Every structure is written in structure tokens, then in C-alpha cells.
Amino acid sequence: MPTTDFWNRGVYVNTSPSARRWPRFFSLLSALVVRDLTSRYRRSSLGMWWAFLQPLILMLLFNMLRGFVNIPSDGIPYVLFSYAALTPWTFVSNSVSSCGPSIITNAEVIKKIALPREVFPLACVVATLFDFAVSCILLAGMMAWFGVPVGLSLLWLPVLIVLMAAVAFSVGLLISGLGTFRKDFIFATPFLMQAWLFVTPVIYPLSTVPESWRLLYMMNPMVGVVEGFRNVLLKAEPPPMEPLACAVVITGILLAIAWPVFRSLSSYFADVL
Amino acid sequence: MSEPMSDDVVVKIDGLWKRYGLPVPEVVRKVWNLARRSKNSGRPEDDGPWALKEVNLEIRRGETVGIVGRNGAGKSTLLKVLAGVTTPTRGRVEIYGRIFPMIELNAGLNMELTGRENVRLLAAVMGLSREEIESKLPDIEDFTELSEWFDRPVRTYSSGMLARLGFGVAVNVESDVILIDETFSVGDLKFQNKSLARIREMRESGATVLLVSHSLETLQFVARRGILMEQGKVIATGSSLEAVTAYERLVFRAEQERLEHRAKNRISTQEANIYSARIFGGNGETLTEVPVGTSFGIEVEFRLNRPLLRPMFSAGILNAQGILCKWNISEEDGLAEPGPCGRYLIRAWYPENHLMCGAYEVHFAVRDATSFETLERLAGLVSFAVIGDNRARGIVCGDCQWELIPIEENDRPSDGPEQTG
């Protein structure tokens, strides 16, 4: 009876024409996104309004909190200050928590057909991007109401959105991969997201963080993203370079860890589902 | 696409072993075992059983291969490994061309979406690009025969309709190798025939088909080559009929074993003791398998502790489903010897064996014909299998002569159906 270990395992070779691989991947991704979007709100009365409501309610809560505690907001109306940060934050939080069980909910498909499994967490992230877009409409409306000047710095927005999606995808990938084997990772996600919210400048500005802690603080890639959104949207400035660079590097490292881990775990998904 | 190395081999499996679960590196397992042993001196942790053991197989282009085997023999695991759903633990699997598994296809459906939306989703899951999906959608709609239901939410469908939806998409996917696991049983007869026709079409266009089905009938008619699996190993290959026959022998043997191990149901008065029993053939040799249609006998060794003026013996033969196929009493068949105390052999000979292939068990009883008292009764005394190579099935065997008689319209024979043997 042969012994098994990581370094000496079976080989599976399929010499199918690889030219169709990418069209297939995108067709699958779009089908999954369409499924997620249409089925998510089909039997709810408020439907897409939930995409507005969620950050709106959080914003009102924070606003109430500010009534008790003095939180500086860099001279920007607090409603706007918090909502500009809540929009990317809600996106990351929602995509990570929907990524977590994405493998388990698609178990029936994964058990039966060979697919690039990354597509399931990725579809969650892309579907959440639609909610983000809806939330952005509200944000734009608020900016118009307060008469916030906008400039060419808006061109940074695509970069920030890609970075934000990459953060969400890499964390979501890791949680969905590990969570398939141990549910603990999925149960821990809400706590993780809460802790993450407190170490991200959503409620308070980056400037309140003590100088000595700042470098450690910026290890959180969401600092660069959130501060970037604020600068670009509310101050008509380019994002602060130091947190942005940190965020890009950390996200790169996260992705470099999450992807191979997910890949090697994914070949055993069908065994444990 | 690179050309296969040897002529037309599309699937090549070389020394394939498969064990489910995440493989733990050797070092980690040793440390883990050490830690466990120190805690509760248990034996070293095993990784679980092997689902496939040393499978070697080559399948050529255009072949239709049926895989048979009992539950847990590794058939579905083999298909899963071939489909690339799960990785081989050891060995090498090579597939030249596109492979497509048709395994319980309605699994990926979303209940909130309509049939049409689900077809788009399923087609994408099965590997069609967006243009292909749109061009095939009318064909699929046609094949599923759902008409106005096609645009209603899938949660309102019946199970047959659900299955048709999945199958409708699957048969419209073009592939070089097709894996089929138990999908024929969906829908009504008309739909089943349609599916079979589609599979034949795919085969004729050069596709290779591998199918697992518990319907031996389907396998025999659809597949040309057969593979028998047992406990993770391929134990026989050949024509589909050969594989099915080998499979049935395996089942009969297993049933026979089960019958042997079943607790014997005994009524005893200690006035007779049964020592042993066997099945024997024409030359008196002991048999465990009787070829279909050949004569055989049952022999029982026993002792009478009370003299009987009119001893009466009865032997019953039951099949694996517990149906009494044959029951005979010695008195009726002309045995009228008195039985003083002593040791005897009783033989029942069946010159005409009408038992069909299968596993059987023997019930035996000794009675006193004057008082109808039962001295000893034993259920499951001995078991045997009847084996044969024909496809004919049922409870009894025997010849059947067929005739096809054309009837002239407006000139029907009035004297009923033709008498045939």
C-alpha cells in the first residue's frame, strides 16, 4: 500500500484545448454574478434598496455616537465623512462575509464538475460590487447636496476600487478555502470584520492615530483604501501615498499567500463537501 | 490539441489510487500519532480506506464503456477522478480532449430563477461560452419540452421537470469524453428514449462514453465494453455482457454468503438431529454453483432418535428475495420407507432444474406423517447459486420460442393468438 504525502501525489493531465479556458471562465463568472444578483433580491420587498439602507443605517448610528463622543472629522461634515468611508468598508465587509460560505453553498456543483473554484469567491466580490455602485449613487447625491468640489483626482477612483476589490478577494479567498475544511473560520468572520472596522479609520480620521503607532496601523490595507476614498472624493486630493503604498504591498502579499493556499486546498474540496 | 501518444487512446489511467480527504504529510502524521499515543495509547491514526486501488485502464476513441459494481465499489469515485473533480492520491490520469461529466445534473439549479435563467447558469457551469449558450438555447428549450413552464421559477417544477432541464443542457454540450452516472432513470419513457438516442448520436460522432448505471439492461444495450469493479479494484474487463455476467455472479456469491451467515431458524424436538447438508451434481460432486438448466440434488445427513412409521421430509428452495420457488414433500413424490432409529442420508434429486440465475437457500423439515408432528425444521440449511450467461431473467427458466406473424389488414384471424411453446 503506497504512502501519501504532499510531495508525491497523483497526477491529472487533461490536454483539452486551452484556448476556450478564458471565455469559459468569464461566461461562468457572469452567470454566477447574474444568479447571485437576481436571486438575492427576488423575494424581498425592498430589493435593491437594501444596498442603500445598510451603509445609511450604519452612518446614522455613527452620527448618533458622535453626539456623545467628540470625534474629529478633518473639517468635513461628519455625515459625509463617515459615509465616504462606509461605502468601501461595507463593500469589503459584505464581500468577505459572502465569500466565506461560497464554496459550501455551491457544494453540489463543485462535487460534480471540474471548475476553476476561484470563480465562486470572485463572483461574490463582483456581485457585491453592484451594491457598491448603488451605494455610490447615494454618496454622489450627498456630495452634490453639500456642494463638495470634485476635480481630476477622481481619476484615482478606479485604482482604489481595484485595490479595494483585491483586498476583499484575497481575504475572502482565504476564508472560503479554510472555512470549507473548518467551519470555525466562517463563524469567526463577523468578529474579524468587527475588529477590522475598529482598526480602520471609518468612524475617526487617520490623523487621530498616534504618530508612533501609525506605521503598524498602516499594515491594515483598508487604511489606504478608506483614506484614499476620502481624499479623492471629499478633499479633491490624490490619496495619501504612504498608506496607499502600504496597502498595495500588503494586498500583494495577502494575495500571494491566499491564492496558492486556496489552489492547493481546492483540489480536495470535493472530498470534504 | 496534442495528438495522443498511442493510437486513439483518449483516457489513460496508470496505477491510480484514491483516498478521500486532505492528505496529511508523513511528518505531520507521525508527530500527530506520537502525540495521540502518549495521550491514550491508541493505535496509529489511519487515513481512512482506499476508494480506488491500483486501477489501470485505457479507453479508446469512440468506445462506450459500462462500469458495473456493487455499492461502494468505487465506480463514482473513478468518474469523479476522471472528471477532475477530485485529485488522484497516487498514480497518473491522462485525458486527451474535452471531458464532460453528466452526474446528477440538476444539482446546480437555483430555485428562485426561471427555467431559462437556470439553463443559462447550467450551461455556463458546464463550460459553454456566452455565444454558445445563446445559440443553443432554442435547441435546449425544445429538448426539455417544458413549453410555458420554461419561464416560470424552478421551485414550481416537478422533480421530473427539474431533471429534464439539467439533461436538456447536458446533451447539448459537445465533448470528446462523456461521463454518465445514473442519469437514465429520469423522466418518462419517451424522455429516456430521447436521451438514449442523443447518447448514441454523440457516440456516432466519435465521442467516448463512460457510464455507470444500476440498470444492467441499459448497460448491456448501450455499452459495448464492460468493466467490473469491486472494493476499489477493476476485477474484470470484457464485453458488456461478460462484465454484467461477472457482476451477477459476484452478487449471487455475496447473497449466498449472506444467506449462509443468516442465523438459522430452527424448530427442534431433539427427536431428530440434522448434521450436514450439501448440493450435489450428476456425478455426486458437491456444488456451490449450479449451471442454469442442469439437474442437481440436495443431500441431508441426519439421525432419527425415535422410530417413525411414516417419515415425511420436505425441502423448499427460496430465492434471495425470500420467494418460495419450489417445495416438495417426500410422501407425495413416492418415498414410503419406514424409519427406525439410526443415521440416514436423504437425497432429493431435481432432474428438471427450472430455477433462473440467482442465489437460493434451502429449507428442510422432518415430520411424522401419522401425527403431522414436526421433529426438526431448519430454514437456511444450505445455499447455492444458479449461474448462466443468458440475458433472460425472471424466476423460472426454460425455452421460449418466438414467432413474428404479419397480419393482413382487414383480414384478421378470428381464432385468437397463435399457440407457441
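1. Start with B:Arg225, which stands opposite B:Ser239 in strand E9 of chain B. These two residues belong to a neighbouring pair of strands: E8(B) (residues 225-230) and E9(B) (residues 233-239) are joined in the antiparallel sense by six bridges. Keep in mind as you look around that this is a predicted model.

2. How many residues lie between E8(B) and E9(B) in their hairpin? There are two, and B:Gln231 in the turn has a positive phi of about 50°.

3. E8(B) has another partner to look at. Strand E3 of chain B (residues 64-69) pairs with E8(B) in the parallel sense, over five bridges. As a reminder, strands of a sheet pair through backbone hydrogen bonds, either parallel or antiparallel.

4. Next, look for an open sheet of four strands in chain B, with the order E12-E11-E14-E17 and antiparallel pairing. Strands E12 (286-287) and E17 (342-350) stand at the edges with a single partner strand each, so one side of each has no neighbour in the sheet. E12(B) pairs with E11(B) (residues 272-280) over two bridges, in the antiparallel sense. Here B:Leu287 of E12(B) is the bridge partner of B:Ile279.

5. Strand pairing also links the two chains. E1(A) and E4(B) (residues 90-95) run parallel and are joined by four bridges. Look for A:Tyr12, which stands opposite B:Val93 in E4(B).

6. How many residues does each chain bring to the contact between chain A and chain B? Chain A gives 38 and chain B gives 48. On the chain A side, strand E1 (11-14) and helices H1 (21-41), H5 (107-110) and H12 (269-272) each supply at least two residues. The largest share, eight residues, comes from H1(A). By type, the chain A side divides into 17 nonpolar, 10 polar and 11 charged residues.

7. Finish with two helices of chain A. H2(A) (residues 49-68) and H3(A) (residues 78-99) pack at an angle of about 135°, their axes 9 Å apart. The two helices are therefore oblique to each other, and H2(A) passes H3(A) in a right-handed crossing. Among the residues making this contact are A:Leu58, A:Met59 and A:Phe62 of H2(A), with A:Val79, A:Tyr83 and A:Leu86 of H3(A). The residues of this contact divide into eight nonpolar, five polar and one charged.

Key: Residues numbered from 1 in each chain as written. Chains lettered and ligands numbered in written order. Predicted model: local features only at pLDDT ≥ 70, side-chain atom pairs only at ≥ 80, totals over all residues. Axes fitted to C-alpha atoms, helices over the stretch in contact; angles between N-to-C directions. Parallel < 35°, antiparallel > 145°, perpendicular 65-115°, else oblique. Left-handed = near helix turned anticlockwise from the far one by under 90°. Contact = placed C-beta atoms within 7 Å. Nonpolar A, V, L, I, M, F, W, Y, C, P; charged D, E, K, R; others polar. Pairing = 2+ DSSP bridges.
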